[in-house]
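Take a walk through the structure shown here.

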Amino acid sequence: MRSVRLFLWGLVILFAAVFALFALQLSRPKDDLVRSALIGKPVPEFALKPAVGTHPGLSTADLRDGQPKLLNVFASWCVPCAAEAPQLAALEQQGADIVAIAIRDRPEDVSAFLDRYGDPFSRIGADDVSKVQLALGSSGVPETFVVDGQGIIRYQHIGELHDKDVAILLEQLREAGA
Amino acid sequence: MIANFGLAALWLAAALAALQCLAGFAALRGEGQALAGVVRPVAVVQGALCIAAFAALLLAFVWSDLSVALVAQNSHSAKPLIFKLAGAWGNHEGSMLMWVSIMAVAGGLIALVERRLPEPTILATLGAQAFVGLGFYAFLLFSSNPFERLDPAPAQGMGLNPLLQDVGLAFHPPTLYLGYVGLSVAFSFAVGALLTRQVTPEFARVMRPWVLGAWIFLTIGITAGSYWAYYELGWGGWWFWDPVENASLMPWLAGTALLHSASVLASRDALRAWTIVLGVIAFSMSMVGTFLVRSGILTSVHAFAVDPERGTFILALLAIYIGGALALFAVRAGTVAEGERFALMSREGALVVNNVALSAILGIVLLGTLYPLVTEALGFRVSVGPPYFNPVSAVFAIPMLLVLTVGPLLRWRRDRFERVRGPVILIGIVLVAVLAAVAFFYGIGLLPMLGIALAAGIAVASFMPLRGRSLRRLPLPVWGMAISHFGIAVALFGMAADSAFTQERLIAAGVGQATEVGPWQVRLDSVRPVAGPNWTAIEGRLLAQYQGGAVYELTPQARSFWAPAQETNESALLTRWNGQLYAVLGEEAEDGRWQLRVWWKPFVTFIWYGGLLIALGGVLALIGRVTGDLRRRFARRKIAARHVDAMA
Amino acid sequence: MRLIAFLALLLAVPLAAQDSLPPAPYAYQQLADPQQEAQAQALMQTLRCLTCQSQSIVDSDAPMAGDMRHEVRTRIAAGEQPEAIRAWLVERYGDYISYAPQVSAATWPLFAIPVLLLLLAGLIVWRRLGKRA
């Protein structure tokens, strides 16, 4: 009998734990983001051909030139990427060096995208089969990484940028530059 | 108008449930005796009112009464009638109303016919049933009113999700609800028996048909759901241990264990406390499943009626019912005596192994499903999928299935090995021979290999209990057991064969081009546009030839629906006795060729045939039990009548 | 069953509009060597599609899943071991990307609890049945 009672109280405790877990998860906003596990680690080796004729391509060496940079992963076919154009422009105006990787894109589409939404990028590499995106641990477009002068990934922003993110990214850039 | 009627009926039913609950529990105390007489009639009327409310909702959907918000959101006047009806329960509010209605009807049925248990136990059971019902009424009336009105009414409804416009799916949710409700009845019986300290074989016999019914519906629901996912989603898989799938599996596992432990209690007056625990757990699993699916806290469960407020409500109900019942039992545990003893070599012994293994598998499924939530709460994310669930649950499933081959042959209480030595040796030989043959001829994985061998062993073993008995006079429940166990063998073979022998061909095919997959030669004959009632599609015509023989036609489609706008892939299936050819038409490539995915899946259909056999066995057992009960009841009545005659 | 996930995927489609490039070469094309293809298939079935969240990359038509299949197949074709590819992806995306949890600081309870359950099951059967009737 004692063991039955112990077992039952064990069940009650287990149930209480499950209940607490459910309640906790229910009370918090759902976090669906898949973050890169490479924060604090070097950018993987890659060399991408230019995505458009007007800009040079992008390689790991370009990210190790001593200057901290923003690395924007985008695509011309992605609506939120167009939506974050003003924030990227603001970042560029405030001195950020922004390089980009265009995912699964055609040169003419990228160039039309830049004409239409503005061009804050100094380099754009073409990642036609998402190879570099996978190597970076990026799970979608758009995403913005902060990479320091030694090519170490410092920060990752997932999804489109909002006005409040501009200051955060500038701050991250400043820290990466120190 | 009709909506007002439905809402009024629902409120009335809720009020009656409150009365039923109060009266049922009050009758347990001395001073409440006066109220005892109202419990049964109230339960019956409550059931009738719920039917009226649900009928009102159905009518609102049939008439496309767009002033009802639910109709406007889920229906479209251009939809076929069957899908208008299905629209009534293909959404959160309607499905909750359906659930409550079935539950109330079940309560009414118990009140009408059940006379075998002591009256206080029945009253406590009906009180508990009404208590459970009250939570759902509150949920419906305060947070998910199915009869909410729109003013002004829109000119046209938004339509039902095209994926849901499928006959199979139209009946999938009601099947699961019937199962959940059956488990809630078992829960109420358990609480009633606990409150009145009447955990007896008679209690198990009364509860058993409800558990059996619930279990049949859950089995059919899971089988149908798995087949639906298989042919509708177009990826050729039938089970992925997705959280939503697990949510439907967990009540089934608990229900299966409960079914077996209840039969021990009914026949042998043993496993009393354990049967009560399982009754509580089985119902709690259906609540946990509902919570996981509706609250959206798991990564897979995004779209269907996800709403944190609803989640909170279900969670509160879960806490009150399950926490309350478990705590009550933990306090009362001492008053439930242990019951009869038995030996390891006995029918009970085998059933204990079955129960322990099923409970352990349930624990693993629960763990694997909830673990990602635990880590999320701690700030990191993991995934748990088939590579975890398959081997870990097999650790418990394999011993259980081995015991399954012998258990039904054993006698109750105690038995000697010598008595079953012959059949055991035969089963063992079949098992080892098949294992050796499969290992020798095919280089397949360990689990499929064991699966095929076990399937052969169980198939032989399942009919062993029939040997030496008159098949004509064999009780239906024994037939049921044999067929269900044989169904397990069939399903197991299908699963193992599918995972071991499936062949897949992915090609970009031009019109006229052919490819080989397994014994089939498949040629893309033509591609043309077709139109349906509310969709247009690109349809591929495939000509498939089996081993150079007859030619069959398959027509997979890539469909575009317009109300609401969505794209789906309609796979095409060609069924032979020994497997299925499965074809999906993908996108057009730039050079005018078409993406084509073709699978040859040997014996895959056995999975669902097996599921249906398992359910069929349940149906036979249920018929046997219910007719047996009726026969006994009539016999008793006749004896009583004769008694009265003699007195006169 | 996985309808929910599938709906989510469909709902996501308008956001991530159609990309303009054709699928990567090995997204919808099998490797010529059946043994390598079987290896790739087994691995891909246990990798999570990142844009649809609850499907493996084999089951998903999302472009990124196609690119991941291409990545897996080209690496297998180059002779890389499946588990090395899994480790490479886990290094980038964490344990989330793999449906096959490995024993680690983050996942040990997943393996410890079944062992406990096994011991408990053995104990119950032994205690319950060890005693003769």
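**From the interface to the backbone**

In this predicted model, 27 residues of chain C are in contact with 27 residues of chain A. Contact here means heavy atoms within 4.5 Å. The model is predicted, so local features need pLDDT of at least 70 and side-chain atom pairs count only at pLDDT 80 or more, while totals for chains, interfaces and linings use all residues. Residues are numbered from 1 along each chain as its sequence is written, chains are lettered from A and ligands numbered from 1 in the order in which they are written, and side-chain values use heavy atoms, with hydrogens and water left out.

How much area do chain C and chain A bury between them? The value is about 2,200 Å², with 57% of it on carbon and sulfur atoms. Buried area is the accessible area (1.4 Å probe) that two parts lose on being put together, summed over both. The size of an interface is often given in this way, as accessible area lost when the parts come together.

The rule finds 2 salt bridges across the interface of chain C and chain A. A salt bridge is a side-chain nitrogen of Lys or Arg within 4 Å of a carboxyl oxygen of Asp or Glu. Arg104(A) and Asp67(C) form a salt bridge, at 2.6 Å from N to O. Between chain C and chain A, 8 residue pairs are in polar contact, both residues at pLDDT 80 or more. A polar contact is a pair of N or O atoms within 3.5 Å; within protein, one must be able to donate a hydrogen and the other to accept it, and residues adjacent in sequence count only if both atoms are side-chain atoms.

Now look at the side of chain C that touches chain A. Both α3 (63–77) and α4 (82–93) of chain C supply at least two residues each to this side. Its largest share, 6 residues, comes from α3(C). Helices (H or I, at least four residues) and strands (E, at least two) are DSSP runs, numbered from the N terminus. By class, the residues of this side of chain C are 15 nonpolar, 6 polar and 6 charged. Ala, Val, Leu, Ile, Met, Phe, Trp, Tyr, Cys and Pro count as nonpolar, Asp, Glu, Lys and Arg as charged, and the others, Gly among them, as polar.

Return to Arg104(A). This residue lies in the loop between β4 (98–103) and α4 (107–117) of chain A. Most residues other than glycine have a negative phi, and most peptide bonds are trans.

Chain A as a whole has 6 helices and 7 strands. Their order from the N terminus is α-β-β-β-α-α-β-α-β-α-β-β-α. Chain A has a radius of gyration of 22 Å, well over the 16 Å that the globule rule gives for 178 residues, so chain A is more spread out than a compact globule. That radius is taken over C-alpha atoms; the globule rule is 2.2 Å times the number of residues to the power 0.38. The C-alpha trace of chain A spans about 80 × 35 × 30 Å along its principal axes. Chain A is assigned domain 1 (1–30) and domain 2 (47–177). Their centres, taken over C-alpha atoms, are 46 Å apart. Domain bounds come from an automatic or database domain assignment.

Within chain A, Asp128(A) and Lys49(A) form a salt bridge, with their closest N and O atoms 2.9 Å apart. Asp128(A) lies in the loop between β5 (121–127) and α5 (131–136), and Lys49(A) in the loop between β1 (47–48) and β2 (58–59), so the pair ties together parts that are 79 residues apart in sequence.
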